[in-house]
Amino acid sequence: VPVANDDVDSVDDASNTATGNVMTGSSTVGGTAGSGVDDEGADGADVTGIVNGTGTVGTSLTATGTYGTITIDADGNYTYTVTASSYPANASETFTYQLTDGDGDKDTAELVINLGDLITPPTVSVEADANGGLYEDTEGSVLVKVTPSGDDQVSEIQLSGIPAGASIGDVSITAGGVLVDAADYSVSGTAPYVVTFNSGSEPTGAVVVTLELTAPDQSDADLSLTASATVIDGSLSATGTSGATPITVDAVVDGSEVTQGSASGSDNAAIDLDLTLSLGGDSTTGTSVPVDPDQADVQGGTDTDGSENVTKIVVTLDSGTLANSAGVAYAPDTPGGTTWTFSPADQAAAEALVAGFKVNPVSGFDGTINGTITTTTVDGTPGSVELTSDNNTDVDSYNF
(Lines give C-alpha, C1' and ligand atoms only; values in the text may rest on other atoms or scores of the structure.)
Protein backbone atom coordinates (compact mmCIF):
# COMPACT_ATOMS: atom_id res chain seq x y z
CA VAL A 1 0.00 0.00 0.00
CA PRO A 2 1.53 3.37 -0.99
CA VAL A 3 1.95 6.14 1.58
CA ALA A 4 1.94 9.74 0.35
CA ASN A 5 3.37 12.41 2.66
CA ASP A 6 2.83 16.17 2.61
CA ASP A 7 5.47 18.41 1.02
CA VAL A 8 6.30 22.12 1.14
CA ASP A 9 8.14 24.18 -1.48
CA SER A 10 8.85 27.86 -2.19
CA VAL A 11 8.81 29.80 -5.45
CA ASP A 12 12.19 30.83 -6.80
CA ASP A 13 12.43 34.63 -7.17
CA ALA A 14 14.56 34.46 -10.31
CA SER A 15 12.20 32.23 -12.31
CA ASN A 16 8.86 32.69 -10.48
CA THR A 17 8.56 28.90 -10.45
CA ALA A 18 8.85 26.07 -7.93
CA THR A 19 10.15 22.69 -9.09
CA GLY A 20 10.72 19.45 -7.23
CA ASN A 21 9.56 15.88 -6.74
CA VAL A 22 6.77 14.97 -4.31
CA MET A 23 7.76 11.31 -4.20
CA THR A 24 11.49 11.64 -3.51
CA GLY A 25 11.33 15.02 -1.76
CA SER A 26 13.94 16.40 -4.14
CA SER A 27 14.08 20.24 -4.12
CA THR A 28 11.32 20.47 -1.50
CA VAL A 29 11.83 22.12 1.88
CA GLY A 30 12.24 18.72 3.57
CA GLY A 31 14.52 17.30 0.88
CA THR A 32 15.21 13.65 0.12
CA ALA A 33 15.66 12.78 3.77
CA GLY A 34 12.66 14.69 5.05
CA SER A 35 9.21 13.70 6.18
CA GLY A 36 7.73 14.44 2.74
CA VAL A 37 9.35 11.40 1.06
CA ASP A 38 6.65 8.96 -0.13
CA ASP A 39 6.58 5.15 0.26
CA GLU A 40 5.59 3.45 -2.99
CA GLY A 41 4.89 0.14 -1.26
CA ALA A 42 5.71 -3.35 -2.56
CA ASP A 43 3.90 -2.92 -5.87
CA GLY A 44 5.45 0.44 -6.83
CA ALA A 45 3.37 3.56 -7.34
CA ASP A 46 2.85 6.48 -9.68
CA VAL A 47 1.30 9.90 -9.31
CA THR A 48 -2.07 9.58 -11.04
CA GLY A 49 -3.64 12.98 -10.46
CA ILE A 50 -3.46 16.41 -8.84
CA VAL A 51 -6.11 18.95 -7.89
CA ASN A 52 -6.17 22.50 -6.55
CA GLY A 53 -6.95 22.66 -2.85
CA THR A 54 -8.08 19.61 -0.93
CA GLY A 55 -10.82 18.33 -3.22
CA THR A 56 -11.27 14.94 -4.81
CA VAL A 57 -8.33 14.01 -7.01
CA GLY A 58 -9.12 12.93 -10.55
CA THR A 59 -6.79 11.82 -13.31
CA SER A 60 -5.53 15.20 -14.49
CA LEU A 61 -1.83 15.88 -14.04
CA THR A 62 -2.34 19.66 -14.22
CA ALA A 63 -4.16 22.02 -11.89
CA THR A 64 -4.87 25.74 -11.75
CA GLY A 65 -4.51 27.44 -8.40
CA THR A 66 -5.36 30.94 -7.26
CA TYR A 67 -2.01 32.46 -8.24
CA GLY A 68 -0.49 29.95 -10.65
CA THR A 69 -0.61 26.58 -12.36
CA ILE A 70 1.09 23.26 -11.65
CA THR A 71 1.98 20.27 -13.80
CA ILE A 72 3.18 16.94 -12.44
CA ASP A 73 4.24 13.66 -14.05
CA ALA A 74 3.81 10.05 -13.00
CA ASP A 75 7.24 10.03 -11.35
CA GLY A 76 6.27 12.96 -9.09
CA ASN A 77 8.23 15.71 -10.84
CA TYR A 78 6.29 18.99 -10.71
CA THR A 79 6.59 22.58 -11.91
CA TYR A 80 4.51 25.35 -10.38
CA THR A 81 4.45 28.65 -12.34
CA VAL A 82 3.12 31.96 -11.01
CA THR A 83 0.57 33.46 -13.44
CA ALA A 84 -1.14 36.09 -11.28
CA SER A 85 -0.38 39.80 -11.62
CA SER A 86 -0.45 40.25 -7.84
CA TYR A 87 -1.07 38.40 -4.62
CA PRO A 88 -1.36 39.24 -0.91
CA ALA A 89 1.51 39.07 1.54
CA ASN A 90 2.41 35.60 2.82
CA ALA A 91 0.36 33.95 0.07
CA SER A 92 0.53 30.21 -0.53
CA GLU A 93 -1.14 27.57 -2.69
CA THR A 94 -2.20 24.06 -1.65
CA PHE A 95 -2.55 21.17 -4.10
CA THR A 96 -3.54 17.57 -3.41
CA TYR A 97 -1.90 14.77 -5.39
CA GLN A 98 -2.67 11.06 -5.46
CA LEU A 99 -0.40 8.01 -5.48
CA THR A 100 -1.71 4.75 -6.99
CA ASP A 101 0.19 1.47 -6.71
CA GLY A 102 0.25 -1.51 -9.03
CA ASP A 103 -2.87 -3.19 -7.67
CA GLY A 104 -4.91 0.01 -7.39
CA ASP A 105 -4.33 1.06 -3.81
CA LYS A 106 -4.33 4.85 -3.39
CA ASP A 107 -3.19 7.52 -0.98
CA THR A 108 -3.18 11.33 -1.14
CA ALA A 109 -1.03 14.12 0.28
CA GLU A 110 -0.75 17.88 0.03
CA LEU A 111 1.87 20.01 -1.68
CA VAL A 112 2.00 23.54 -0.27
CA ILE A 113 3.69 26.23 -2.40
CA ASN A 114 4.79 29.40 -0.58
CA LEU A 115 5.08 32.42 -2.90
CA GLY A 116 7.22 34.66 -0.71
CA ASP A 117 8.21 38.20 -1.74
CA LEU A 118 8.58 37.81 -5.49
CA ILE A 119 7.89 41.47 -6.28
CA THR A 120 8.11 44.68 -4.26
CA PRO A 121 6.79 48.16 -5.05
CA PRO A 122 9.74 50.30 -6.13
CA THR A 123 10.90 53.38 -4.26
CA VAL A 124 10.16 56.55 -6.24
CA SER A 125 11.26 60.15 -5.75
CA VAL A 126 11.04 63.48 -7.60
CA GLU A 127 13.53 66.32 -7.37
CA ALA A 128 14.67 69.38 -9.28
CA ASP A 129 18.32 69.55 -10.25
CA ALA A 130 18.89 73.31 -9.69
CA ASN A 131 19.16 73.73 -5.91
CA GLY A 132 15.91 71.83 -5.50
CA GLY A 133 13.79 74.01 -7.77
CA LEU A 134 13.23 75.74 -11.10
CA TYR A 135 13.75 79.33 -12.15
CA GLU A 136 10.87 81.32 -13.60
CA ASP A 137 10.80 81.31 -17.43
CA THR A 138 13.89 79.08 -17.51
CA GLU A 139 14.11 75.45 -18.51
CA GLY A 140 15.43 73.23 -15.73
CA SER A 141 15.94 69.56 -15.00
CA VAL A 142 13.40 67.53 -13.02
CA LEU A 143 14.55 64.06 -12.04
CA VAL A 144 12.31 61.06 -11.37
CA LYS A 145 14.29 58.34 -9.60
CA VAL A 146 13.05 54.76 -9.42
CA THR A 147 14.76 51.97 -7.49
CA PRO A 148 13.30 48.50 -8.07
CA SER A 149 13.97 45.52 -5.83
CA GLY A 150 15.89 42.42 -6.84
CA ASP A 151 15.27 41.35 -10.41
CA ASP A 152 12.12 43.47 -10.80
CA GLN A 153 12.01 45.42 -14.06
CA VAL A 154 10.68 48.95 -14.54
CA SER A 155 7.91 48.92 -17.15
CA GLU A 156 6.32 52.37 -16.80
CA ILE A 157 6.92 55.71 -15.08
CA GLN A 158 4.35 58.50 -14.71
CA LEU A 159 4.79 62.09 -13.61
CA SER A 160 1.61 63.98 -12.74
CA GLY A 161 0.95 67.48 -11.48
CA ILE A 162 2.53 69.26 -14.44
CA PRO A 163 0.37 72.40 -14.74
CA ALA A 164 -1.24 73.73 -17.91
CA GLY A 165 1.12 76.11 -19.62
CA ALA A 166 4.25 74.25 -18.57
CA SER A 167 6.42 72.84 -21.33
CA ILE A 168 8.55 69.72 -21.51
CA GLY A 169 11.74 69.69 -23.54
CA ASP A 170 14.29 66.92 -23.87
CA VAL A 171 14.08 63.70 -21.87
CA SER A 172 16.88 61.28 -21.10
CA ILE A 173 16.86 58.05 -19.12
CA THR A 174 19.61 56.09 -17.43
CA ALA A 175 19.43 52.61 -15.94
CA GLY A 176 22.20 51.59 -13.63
CA GLY A 177 24.02 54.75 -14.68
CA VAL A 178 23.96 53.79 -18.38
CA LEU A 179 22.03 55.86 -20.93
CA VAL A 180 18.96 54.01 -22.22
CA ASP A 181 18.50 54.01 -25.99
CA ALA A 182 15.54 56.22 -26.94
CA ALA A 183 14.32 53.40 -29.19
CA ASP A 184 13.66 51.30 -26.08
CA TYR A 185 10.88 53.49 -24.71
CA SER A 186 8.11 55.90 -25.69
CA VAL A 187 6.79 59.06 -24.04
CA SER A 188 3.32 60.56 -24.17
CA GLY A 189 1.04 63.15 -22.60
CA THR A 190 1.58 65.84 -20.01
CA ALA A 191 -1.24 65.11 -17.56
CA PRO A 192 0.29 62.78 -16.64
CA TYR A 193 3.58 62.50 -18.52
CA VAL A 194 4.13 58.80 -19.20
CA VAL A 195 7.30 56.87 -20.04
CA THR A 196 6.60 53.33 -21.27
CA PHE A 197 9.42 50.87 -21.85
CA ASN A 198 9.11 48.50 -24.79
CA SER A 199 8.33 44.88 -24.01
CA GLY A 200 11.62 43.06 -23.55
CA SER A 201 13.51 46.32 -22.90
CA GLU A 202 12.33 46.94 -19.33
CA PRO A 203 15.40 47.91 -17.29
CA THR A 204 16.51 46.60 -13.92
CA GLY A 205 18.48 48.56 -11.37
CA ALA A 206 18.13 52.25 -10.53
CA VAL A 207 16.35 54.21 -13.27
CA VAL A 208 16.56 58.01 -13.54
CA VAL A 209 14.32 59.98 -15.91
CA THR A 210 15.56 63.53 -16.50
CA LEU A 211 12.97 65.95 -17.92
CA GLU A 212 13.76 69.46 -19.08
CA LEU A 213 10.76 71.33 -17.68
CA THR A 214 9.73 74.99 -17.90
CA ALA A 215 7.05 76.25 -15.52
CA PRO A 216 4.12 78.22 -16.98
CA ASP A 217 5.23 81.47 -18.59
CA GLN A 218 5.76 84.46 -16.31
CA SER A 219 4.68 82.65 -13.15
CA ASP A 220 6.59 81.77 -10.00
CA ALA A 221 3.80 79.58 -8.62
CA ASP A 222 5.42 76.53 -7.07
CA LEU A 223 4.67 73.07 -8.46
CA SER A 224 3.49 69.89 -6.76
CA LEU A 225 4.62 66.84 -8.69
CA THR A 226 3.85 63.17 -8.04
CA ALA A 227 5.71 60.31 -9.69
CA SER A 228 4.73 56.67 -9.83
CA ALA A 229 6.48 53.65 -11.29
CA THR A 230 5.33 50.15 -12.15
CA VAL A 231 7.67 47.17 -11.99
CA ILE A 232 7.12 43.71 -13.39
CA ASP A 233 8.49 40.25 -12.65
CA GLY A 234 7.08 37.66 -14.98
CA SER A 235 3.30 38.01 -14.74
CA LEU A 236 3.52 40.02 -11.53
CA SER A 237 3.42 43.80 -11.29
CA ALA A 238 3.62 46.34 -8.45
CA THR A 239 3.47 50.14 -8.33
CA GLY A 240 5.23 52.60 -6.04
CA THR A 241 4.70 56.36 -5.71
CA SER A 242 6.64 59.36 -4.51
CA GLY A 243 3.66 61.14 -3.04
CA ALA A 244 3.15 64.84 -3.73
CA THR A 245 6.53 66.58 -3.92
CA PRO A 246 6.82 70.40 -3.81
CA ILE A 247 9.06 71.97 -6.46
CA THR A 248 10.02 75.59 -5.86
CA VAL A 249 9.72 77.95 -8.85
CA ASP A 250 12.07 80.83 -8.11
CA ALA A 251 10.80 84.28 -9.10
CA VAL A 252 12.98 86.06 -11.66
CA VAL A 253 12.23 89.75 -12.05
CA ASP A 254 11.58 91.04 -15.57
CA GLY A 255 12.07 94.70 -14.73
CA SER A 256 10.04 97.66 -15.91
CA GLU A 257 9.63 99.75 -19.05
CA VAL A 258 9.11 103.52 -19.18
CA THR A 259 8.17 105.11 -22.49
CA GLN A 260 7.44 108.71 -23.34
CA GLY A 261 5.13 110.19 -25.92
CA SER A 262 5.15 113.87 -26.85
CA ALA A 263 5.84 116.35 -24.03
CA SER A 264 5.87 120.09 -24.70
CA GLY A 265 4.25 123.25 -23.38
CA SER A 266 4.76 126.77 -22.14
CA ASP A 267 6.27 128.21 -18.98
CA ASN A 268 2.92 129.37 -17.61
CA ALA A 269 1.25 125.92 -17.16
CA ALA A 270 2.09 122.41 -16.01
CA ILE A 271 3.38 120.24 -18.86
CA ASP A 272 2.24 116.60 -19.09
CA LEU A 273 5.38 114.44 -19.28
CA ASP A 274 3.34 111.77 -21.15
CA LEU A 275 5.15 108.89 -19.43
CA THR A 276 3.92 105.28 -19.38
CA LEU A 277 5.17 102.68 -16.90
CA SER A 278 4.72 98.95 -17.54
CA LEU A 279 6.25 95.69 -16.42
CA GLY A 280 8.57 93.63 -18.57
CA GLY A 281 10.72 94.54 -21.51
CA ASP A 282 13.33 96.32 -19.41
CA SER A 283 14.65 98.36 -22.31
CA THR A 284 14.27 101.86 -23.66
CA THR A 285 12.24 102.81 -26.71
CA GLY A 286 13.80 106.25 -26.91
CA THR A 287 17.21 107.41 -28.03
CA SER A 288 18.70 107.53 -24.54
CA VAL A 289 20.55 104.59 -23.04
CA PRO A 290 19.18 103.05 -19.83
CA VAL A 291 21.43 102.54 -16.85
CA ASP A 292 20.67 99.08 -15.45
CA PRO A 293 23.13 97.91 -12.79
CA ASP A 294 21.33 94.69 -11.86
CA GLN A 295 20.06 92.96 -14.98
CA ALA A 296 20.67 92.72 -18.69
CA ASP A 297 19.19 95.54 -20.77
CA VAL A 298 16.47 93.30 -22.24
CA GLN A 299 14.95 90.55 -20.10
CA GLY A 300 11.65 90.20 -21.95
CA GLY A 301 8.30 88.97 -20.82
CA THR A 302 5.57 90.54 -18.77
CA ASP A 303 4.51 89.37 -15.33
CA THR A 304 1.14 87.59 -15.44
CA ASP A 305 0.76 86.12 -11.96
CA GLY A 306 0.71 89.43 -10.09
CA SER A 307 3.90 88.74 -8.16
CA GLU A 308 5.90 91.57 -9.75
CA ASN A 309 5.55 95.22 -8.75
CA VAL A 310 7.40 98.50 -9.07
CA THR A 311 7.97 99.36 -5.41
CA LYS A 312 10.05 102.53 -5.73
CA ILE A 313 10.15 105.42 -8.21
CA VAL A 314 12.74 108.20 -8.15
CA VAL A 315 12.45 111.23 -10.47
CA THR A 316 15.12 113.89 -11.02
CA LEU A 317 14.73 117.10 -13.05
CA ASP A 318 17.35 119.60 -14.16
CA SER A 319 14.80 122.42 -14.06
CA GLY A 320 11.28 123.04 -12.76
CA THR A 321 9.31 121.06 -10.21
CA LEU A 322 7.51 117.71 -10.44
CA ALA A 323 3.72 117.88 -10.16
CA ASN A 324 0.74 115.54 -10.14
CA SER A 325 -1.98 115.25 -12.76
CA ALA A 326 -3.69 118.36 -11.37
CA GLY A 327 -0.50 120.37 -11.61
CA VAL A 328 0.02 120.43 -7.86
CA ALA A 329 3.72 120.29 -7.07
CA TYR A 330 5.13 117.38 -5.10
CA ALA A 331 7.51 118.17 -2.25
CA PRO A 332 11.06 117.18 -3.20
CA ASP A 333 13.13 114.86 -1.03
CA THR A 334 14.98 117.88 0.36
CA PRO A 335 13.77 121.49 0.41
CA GLY A 336 14.66 123.14 -2.89
CA GLY A 337 15.96 119.82 -4.23
CA THR A 338 15.53 118.27 -7.67
CA THR A 339 14.76 114.67 -6.66
CA TRP A 340 11.40 113.12 -5.75
CA THR A 341 10.98 109.60 -4.34
CA PHE A 342 7.74 107.58 -4.25
CA SER A 343 6.78 104.17 -2.79
CA PRO A 344 3.54 103.11 -4.52
CA ALA A 345 1.26 100.65 -2.76
CA ASP A 346 0.97 98.30 -5.75
CA GLN A 347 1.58 98.09 -9.48
CA ALA A 348 -1.68 99.80 -10.43
CA ALA A 349 -0.80 102.73 -8.17
CA ALA A 350 2.70 102.90 -9.65
CA GLU A 351 1.41 103.04 -13.21
CA ALA A 352 -1.22 105.68 -12.34
CA LEU A 353 1.40 107.76 -10.52
CA VAL A 354 3.77 107.84 -13.49
CA ALA A 355 0.97 108.49 -15.97
CA GLY A 356 0.02 111.58 -14.00
CA PHE A 357 3.49 113.14 -13.76
CA LYS A 358 3.73 116.76 -14.93
CA VAL A 359 6.43 119.39 -14.68
CA ASN A 360 5.94 123.02 -13.65
CA PRO A 361 8.51 125.06 -15.58
CA VAL A 362 10.32 127.97 -14.01
CA SER A 363 8.60 131.21 -15.07
CA GLY A 364 10.27 132.62 -18.16
CA PHE A 365 12.12 129.35 -18.91
CA ASP A 366 12.74 128.72 -22.60
CA GLY A 367 14.48 125.46 -23.49
CA THR A 368 14.45 121.71 -22.77
CA ILE A 369 13.85 120.20 -19.36
CA ASN A 370 15.73 116.95 -18.93
CA GLY A 371 14.90 114.30 -16.37
CA THR A 372 15.55 110.75 -15.24
CA ILE A 373 13.07 108.25 -13.82
CA THR A 374 14.50 105.29 -11.89
CA THR A 375 12.32 102.32 -10.99
CA THR A 376 12.90 99.47 -8.55
CA THR A 377 10.98 96.34 -9.52
CA VAL A 378 10.55 93.40 -7.16
CA ASP A 379 9.28 89.93 -8.08
CA GLY A 380 8.28 87.25 -5.60
CA THR A 381 5.06 86.03 -4.01
CA PRO A 382 5.00 87.04 -0.32
CA GLY A 383 5.70 84.05 1.89
CA SER A 384 6.91 81.85 -0.97
CA VAL A 385 10.18 79.95 -0.83
CA GLU A 386 12.91 81.35 -3.07
CA LEU A 387 16.07 79.61 -4.22
CA THR A 388 17.89 82.94 -4.14
CA SER A 389 16.98 86.58 -3.64
CA ASP A 390 19.67 87.78 -6.07
CA ASN A 391 17.29 87.71 -9.05
CA ASN A 392 14.22 89.22 -7.37
CA THR A 393 15.04 92.94 -7.65
CA ASP A 394 15.84 95.09 -10.67
CA VAL A 395 16.73 98.80 -10.86
CA ASP A 396 16.22 100.59 -14.19
CA SER A 397 16.84 104.23 -15.15
CA TYR A 398 15.33 106.03 -18.12
CA ASN A 399 16.13 109.50 -19.39
CA PHE A 400 13.41 111.77 -20.77
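**View A. Lysine 145 and its salt bridge in the predicted model.** Lysine 145 is partly exposed, since its relative accessible area is 30%. In this predicted model, lysine 145 forms a salt bridge with glutamate 127, with 3.3 Å between the closest N and O atoms. Lysine 145 belongs to strand β11 (residues 140–147) and glutamate 127 to strand β9 (residues 123–128), so the pair ties together parts that lie 18 residues apart in sequence. Glutamate 127 has a relative accessible area of 31% and is therefore also partly exposed. The structure holds 1 salt bridge. Side chains of opposite charge can pair when their charged atoms come close.

**View B. A negative surface patch.** The patch is formed by four residues: Asp39, Glu40, Asp46 and Asp75. Aspartate 46 sits in strand β3, which covers residues 45–52. With a relative accessibility of 39%, aspartate 46 counts as partly exposed.

**View C. The hairpin of β7 and β8.** Strand β7 (residues 92–101) pairs with β8 in the antiparallel sense, over 9 bridges. Threonine 100 stands opposite lysine 106, a residue of β8. The hairpin has 4 residues between its strands, and glycine 104 takes a positive phi near 95°.

**View D. Parallel pairing of β1 with β8.** Strand β1 (residues 7–10) and strand β8 (residues 106–114) run parallel and are joined by 4 bridges. Aspartate 7 has leucine 111 as its bridge partner in β8.

Methods
Residues numbered from 1 in each chain as written. Predicted model: local features only at pLDDT ≥ 70, side-chain atom pairs only at ≥ 80, totals over all residues. Heavy atoms only, no water. Patch = residues over 30% accessible without salt bridge, like charges linked within 9 Å, V, L, I, M, F, W, Y side chains within 5 Å. Areas by Shrake-Rupley, 256 points an atom, 1.4 Å probe, with all protein chains shown as cover. Salt bridge = Lys/Arg side-chain N within 4 Å of Asp/Glu carboxyl O. Lys, Arg positive; Asp, Glu negative; His and termini not counted. Charge placed at Lys NZ, Arg CZ, Asp CG, Glu CD. Helix = DSSP H or I, 4+ residues; strand = E, 2+ residues; numbered from the N terminus. Buried < 20%, exposed > 50% of the residue type's maximum accessible area, 1.4 Å probe, protein only. Pairing = 2+ DSSP bridges.
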